Amino acid sequence: MHQTLIYDTVKLNRGNGYHGDDGIFIVPHTGTYAFVWTLGVSSLGYVNTEIFINGQKYGGAFADGVGDSLDFGTGFVIADVNGGDHVYIRIIFCYPTVYGDGVTSFSGWKLY
């Protein structure tokens, strides 16, 4: 599959770094950032994702809805990034779909 995850709900976007048209967060200021993303899948669904910074993999997260329950997976990385760097979540594989509307989320914030 290998496609960038585009979030359908944006609740906070200070500095307008997140671009909802292509799912890429463009780092506004150089520094050390924390990035976290959460995935929600239905029962019997699964999803595997990776976080990329300028085309390089930095981490991953997986969710597997075994049985009759919704499942969540969370990924977390801390990275030194430069202003203008591109950060995005890429779906490696997914069945049948990832929940949207805030159930699946992505956040990033500058630590220092």
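This note goes through the strands, the core, the loops and the pockets of a predicted model.

1. Basis of the note. Because the model is predicted, local features are taken only where pLDDT is at least 70 and side-chain atom pairs only at pLDDT 80 or more, whereas totals for chains, interfaces and linings use all residues. Residues are numbered from 1 along each chain as its sequence is written, and side-chain values use heavy atoms, with hydrogens and water left out.

2. The open sheet. Three strands form an open sheet in the order β7-β4-β9, with antiparallel pairing; strands here are DSSP runs (E, at least two residues) numbered from the N terminus, and two of them pair if DSSP finds at least two bridges between them. In general, strands of a sheet pair through backbone hydrogen bonds, either parallel or antiparallel. In this sheet β7 and β9 stand at the edges, each with a single partner strand, so one side of each is left without a neighbour in the sheet. Neighbouring strands are turned by 15° against each other on average, direction ignored, where the axes are lines fitted to C-alpha atoms and angles run from 0 to 180 degrees between N-to-C directions.

3. Strand β4 and its partners. The antiparallel pairing of β4 with β7 extends over 11 bridges, and within it Y33 stands opposite A79 of β7, while T38 faces T74 of β7. Towards β9, β4 is joined by six bridges, again antiparallel, and the bridge partner of W37 in β9 is F106. Of the 11 residues of β4, 10 are buried, which leaves the strand mostly covered; buried stands for under 20% relative accessible area, exposed for over 50%, and partly exposed for values in between (1.4 Å probe, protein chains only).

4. The hairpin of β5 and β6. Eight bridges join these two antiparallel strands, and N48 has F62 of β6 as its bridge partner. Two residues lie between the strands of the hairpin, in which N54 takes a positive phi near 50°; N54 is a residue other than glycine, and at 44% relative accessibility N54 counts as partly exposed.

5. The C-alpha atoms of I26 and N54 are separated by 9.8 Å, although the two residues are 28 residues apart along the chain. I26 belongs to strand β3 (residues 24-26) and is partly exposed, at 29% relative accessibility. A positive phi, near 55°, is also found at N16, again a residue other than glycine, which sits in the loop between β1 (3-4) and β2 (18-19) and is exposed, with a relative accessible area of 57%.

6. The largest pocket. A pocket is an open set of points on a 1 Å grid over the protein atoms alone, where a 1.4 Å probe fits, with protein on both sides within 12 Å along at least five of seven lines, and its lining residues have an atom within 4 Å of a point. The largest one has a volume of about 550 Å³, the volume being the space filled by probe spheres set on the points, with grid points joined across faces, edges and corners. Its lining consists of 20 residues, of which L12, N13, F106, S107 and G108 lie nearest the centre. Strand β9 (residues 105-110) supplies the largest share of that lining, six residues. By class the lining has nine nonpolar, seven polar and four charged residues, where Ala, Val, Leu, Ile, Met, Phe, Trp, Tyr, Cys and Pro count as nonpolar, Asp, Glu, Lys and Arg as charged, and the others, Gly among them, as polar.

7. The second largest pocket. This pocket has a volume of about 180 Å³, and of the 14 residues that line it, L5, I6, T97, V98 and Y99 are the closest to its centre. Its lining divides into nine nonpolar residues, four polar and one charged.

Notes:
Helix = DSSP H or I, 4+ residues; strand = E, 2+ residues; numbered from the N terminus.
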